[in-house]
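Please keep the sequence and the structure in view while reading.

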Amino acid sequence: MLPDEVLIAIFKYLPLDCLLVCENVSQRWKRLARDTAVWRCIYLTYSAKHDKVKESQKTLQVIGTHSECIHNLKLQYIHTYSSIRMLLEKCDNIFSLDLCMCRIEKEFERDVEKWSNLKKLSLKNCVFYPSDGDLIIQYDKFKGLNTLELPEFGLSRANCNTLLDLKHLCHIEIEKIKNLGTEYIMQLILSKQNILVTFHIYGGDDVNDECLILLSKCPLLQGLSIIHCENLKDEGILALGNLKVIEQLQISNNERFSEASLLKTFGSPSMVKLNRLSLAKIKNVTPAVVDCISEYYKNLKCLALYQCPRIVNSDYEKQLRAKFRKIGVVLY
């Protein structure tokens, strides 16, 4: 006697195996168990690894019987694109597509366009064949895209402008992509300034202090990673102290930040809310800076101080374990 809306709400809590059993109760339950609202919550994973054979066989069966229901699909460790393509051709209603440790070929440019309602596209840790070619996806065809995660390919001067007009793109992870240009990075930040939640970028010559000043004005930014910060100076790191809701921060490779600026930045009220912090190869991360973190960062769950020269192999290193008893500290 439960109304449809209540049954659908209950079905959302069920694991996939139980949901498939519910389909056999009645025609009504079968219809409700296949409702879009239910399947939006289900993330289906297929892996070609040998130790995942049983799970993958079940996934293939679901793809065969419920292809129209699948909205979130993750494929792992598939090294022939023809096998990937065979699976993707069966699924017409994907909203979230995640390819991990897979081989992607040029045909993917056109294959992915069948999902105009795509909200997430992740190609992290994939390889592109041929290696000397370019994967040029026209991202502006996916007006609802909110998450984009790419390896070292997939974004270049040929298609980077297609990101600028995407009004919902708030999670951008392109930390392996180089040579986009500082002007473009500033355009990208400005176009997403009011919605940006996650921004992972390579850095290097593409990111300057003005980019960090623009990022500091993003009111929703929770996760920021800049892998190469060689060109950044105190003005940039000080600007990050103005972030309001930052939760995860990774800053790597810099000899220019002064100890005073690092102390001021990591002593700001917003920074003490961090739950993950990684400082790799930052020359002037000193015991005073780490003492500030140990004293005030009560939400911290992970701290990495990779190869910070004034910490590693010093007498202070021996004290770190005592200062951070509840979390692990990574130094190497």
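## Terms and numbering

Helices (H or I, at least four residues) and strands (E, at least two) are DSSP runs, numbered from the N terminus. This is a predicted model, in which local features need pLDDT of at least 70 and side-chain atom pairs count only at pLDDT 80 or more, whereas totals for chains, interfaces and linings use all residues. Residues are numbered from 1 along each chain as its sequence is written, and side-chain values use heavy atoms, with hydrogens and water left out.

## A buried serine in a loop

Ser270 counts as buried because its relative accessibility is 9%, where buried means under 20% relative accessible area, exposed means over 50%, and partly exposed means in between (1.4 Å probe, protein chains only). Contact means heavy atoms within 4.5 Å, and, when residues up to four places away in sequence are not counted, Ser270 touches Gly241, Asn242, Leu243, Lys244 and Ile246.

Strand 12 also holds Lys281, whose phi is near 55 degrees, a positive value in a residue other than glycine. Lys281 is partly exposed, with a relative accessible area of 43%.

The protein is divided into domain 1 (1-40), domain 2 (43-154) and domain 3 (170-331), with bounds that come from an automatic or database domain assignment. The centres of domain 1 and domain 2, taken over C-alpha atoms, are separated by 26 Å, and 8 residues of domain 1 are in contact with 13 residues of domain 2.

In an unreviewed UniProt entry, the annotation "domain: F-box" covers residues 1-42; UniProt positions are given in the numbering used here, feature names are shortened, and annotations may be inferred rather than shown by experiment. The span of residues 1-42 is 62% helix and 0% strand, and its end C-alpha atoms lie 26 Å apart.

## The nonpolar core

A nonpolar core is a set of buried Ala, Val, Leu, Ile, Met, Phe, Trp, Tyr and Cys residues joined through side-chain atoms within 4.5 Å. The largest one here has 105 residues, and those with the most contacts inside it are Leu75, Phe108, Leu121, Tyr139, Phe199, Leu277 and Leu305. Helix 8 (residues 182-191) gives the most to this core, with 5 residues.

Ile137 is found in the loop between strand 6 and strand 7, and Ile137 counts as buried because its relative accessibility is 0%. Not counting residues up to four places away in sequence, Ile137 touches Phe108, Glu109, Val112, Leu121, Phe142, Asn159 and Thr162. The C-alpha atoms of Ile137 and Ser314, which are 177 residues apart along the chain, are separated by 49 Å.

## Aromatic pairs

Rings of Phe, Tyr and Trp (its six-membered ring) pair if their centres lie within 6.5 Å, and planes under 30 degrees apart count as stacked, over 60 as edge-to-face and the rest as tilted. By this rule the count comes to 3 aromatic pairs. One of them joins Phe11 and Trp29 edge-to-face, at 5.4 Å centre to centre and with 75 degrees between the planes. This pair links distant parts of the chain, with Phe11 in helix 1 (residues 4-11) and Trp29 in helix 3 (residues 27-33), 18 residues apart. Phe11 is buried, with a relative accessible area of 2%, whereas Trp29 is partly exposed, with a relative accessible area of 25%.

Tyr81 and Phe108 also form an edge-to-face pair, at 6.4 Å centre to centre and with 90 degrees between the planes. Tyr81 lies in helix 6 (residues 81-88) and Phe108 in helix 7 (residues 108-111), so the pair ties together parts that are 27 residues apart in sequence. Tyr81 counts as buried at 3% relative accessibility, and Phe108 counts as buried at 0%.

A charge sits over a ring if NZ of Lys or CZ of Arg is within 6 Å of the ring centre and within 35 degrees of the ring normal. The charged end of Lys49 sits over the ring of Tyr77, 4.9 Å from its centre. Tyr77 is found in the loop between strand 2 (72-76) and helix 6, and has a positive phi of about 55 degrees although it is not a glycine.

The charged end of Arg103 sits over the ring of Tyr129, 4.1 Å from its centre. A cis peptide bond, with omega about 0 degrees, joins Tyr129 and Pro130, and Pro130 is found in the loop between strand 6 (127-129) and strand 7 (147-149).
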